[in-house]
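Dear colleague,

I am handing over the structure we spoke about, and I would be grateful if you could look at it alongside the notes below.

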Amino acid sequence: MRRVVRQSKFRHVFGQAVKNDQCYDDIRVSRVTWDSSFCAVNPKFVAIIIEASGGGAFLVLPLHKTGRIDKSYPTVCGHTGPVLDIDWCPHNDQVIASGSEDCTVMVWQIPENGLTLSLTEPVVVLEGHSKRVGIVAWHPTARNVLLSAGCDNAIIIWNVGTGEPLINLDDMHQDMIYNVSWNRNGSLICTASKDKKVRIIDPRKQEIVAEKERAHEGARPMRAIFLSDGNVFTTGFSRMSERQLALWNPKNMDEPIALHEMDTSNGVLLPFYDPDTNIIYLCGKGDSSIRYFEITDESPYVHYLNTFSSKEPQRGMGFMPKRGLDVNKCEIARFFKLHERKCEPIIMTVPRKSDLFQDDLYPDTAGPEAAVEAEEWFEGKNADPILISLKHGYIPGKNRDLKVVKKNLLDNKLAANKKSDLMNTPKKAADSPDPQNEAKLDEILKELKSLKDTITHQDERISKLEQQMAKIAV
């Protein structure tokens, strides 16, 4: 019998590490014993949690700032304890959230062209956990909605725009939460916990929709993530400490749709999922490989594609959103692998002969625009991500600054007192804005913008010329 090979356009996906000069070198990657990915990336920046004395810090580097990173390079360093997790906002490429051992979550606004001075003042500090915060995850479609989970076994969902907690789920987990994942439209979350349960929770109704006891029998940490069709993918360990992966249907969690045993390594498998291609990449902490699988509707449902192997073990891993990839090179994924002292991008490509845009590899993907506002989501509205086409590459738009409007009773009282004082005092003519000054301000702002544009343009030109010189020198 001749074995029929399954047809898939992703069968020949291959990974390639970039050249040394395109890595980020001399970075002291954090040594904290926590199973998060320690790295977060978006089309503008790569953020890496680093070793820091006297508190917690992480680096934020513009993507083009490769090579050796100076020891004095500015960091984001407002936490008083080690940073455990970081996550870029999907709707604003300059906003990042961090969770720390100091029990707080902080949200930071990174300047357009990266840091020139260390950043110590967050836009907002979210306080509500009584133990360290190990997980932060932004809502996929609602603006300014952030989830955090701590070692107090509580999950808090925040409205970052007001700095207030919207929902507190503090009685659903009796043991440590290993990870939390939103579904495609952000109406449900799934969690994996130390009590070996996988729970599917409706956060707004504050109820458990489905749960599976002993999803994986082993004692080591599990992971659970939502797929775009609503199924749940888990990684964990068998009783014999073999690494497993499984696929579940939340409507019936008695038996998995598929269960595969992989190997006997003891590193926790971090799953990274691409909803556009239905490919899952598994990166084991301490492994030196990335395995990837395609999820389909036909048995065995989870199809092994290939493994990317390298010599060095990985300390953590960042995963680029689809809009940050190079569509001209048929790049379908890009990882940022953390070594002990550097960060190395790894590019996954599908080999194609044609130079034309490959529609089948790049269906419309989630764009940076939020589909609903925080208040609408909290009131019960759901919306799928707003999709964009990558046909002409992704052109980043202007990001709005994150503004936090605190609703504080004291402030309201003070404001009321001030208002009554103002009403009693006669109005001064100087209070009215001077149109001449406003026009001048507009003029200055325009000039500033054009200067910034010129600098950006010249930077690009310089890097192109440097590339050309390097080619000539070779």
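What follows is a short account of what was found in it.

Please keep in mind throughout that this is a predicted model.

I began with the salt bridges, of which the structure holds 24. One of them joins the side chains of D26 and R341, with 2.9 Å from N to O, and this pair links distant parts of the chain, since D26 lies in the loop between β2 and β3 whereas R341 lies in the loop between β29 and β30, 315 residues apart. D26 counts as partly exposed at 23% relative accessibility, and R341 is likewise partly exposed at 38%. Both residues also belong to a network of salt bridges that includes R68 and K71.

A second salt bridge brings together the side chains of K197 and E211, at 3.8 Å from N to O; K197 sits in the loop between β17 and β18, while E211 is in strand β19, 14 residues away. Here K197 is buried, because its relative accessible area of 17% falls under the 20% cut-off, whereas E211 is partly exposed at 37%.

Turning to the strands, G15 is placed in β1, which covers residues 14-17. Leaving aside neighbours within four places in sequence, G15 is in contact with Y292, F308, I347 and M348, and its C-alpha atom is 9.9 Å from that of S310, 295 residues apart along the chain.

Finally, L441, I444, L445 and L448 form a nonpolar surface patch with about 380 Å² of accessible area together. Of these, L445 is in helix α3 (residues 435-473) and is partly exposed, with a relative accessible area of 48%.

Terms used
Residues are numbered from 1 along each chain as its sequence is written. This is a predicted model: local features need pLDDT of at least 70, side-chain atom pairs count only at pLDDT 80 or more; totals for chains, interfaces and linings use all residues. Side-chain values use heavy atoms; hydrogens and water are left out. Helices (H or I, at least four residues) and strands (E, at least two) are DSSP runs, numbered from the N terminus. Contact means heavy atoms within 4.5 Å. Patches are made of residues with over 30% relative accessible area and no salt bridge: like charges are joined within 9 Å, nonpolar side chains (Val, Leu, Ile, Met, Phe, Trp, Tyr) within 5 Å. Accessible areas come from the Shrake-Rupley method with a 1.4 Å probe; for residues, only the protein chains shown count as cover. A salt bridge is a side-chain nitrogen of Lys or Arg within 4 Å of a carboxyl oxygen of Asp or Glu. Buried means under 20% relative accessible area, exposed over 50%, partly exposed in between (1.4 Å probe, protein chains only).
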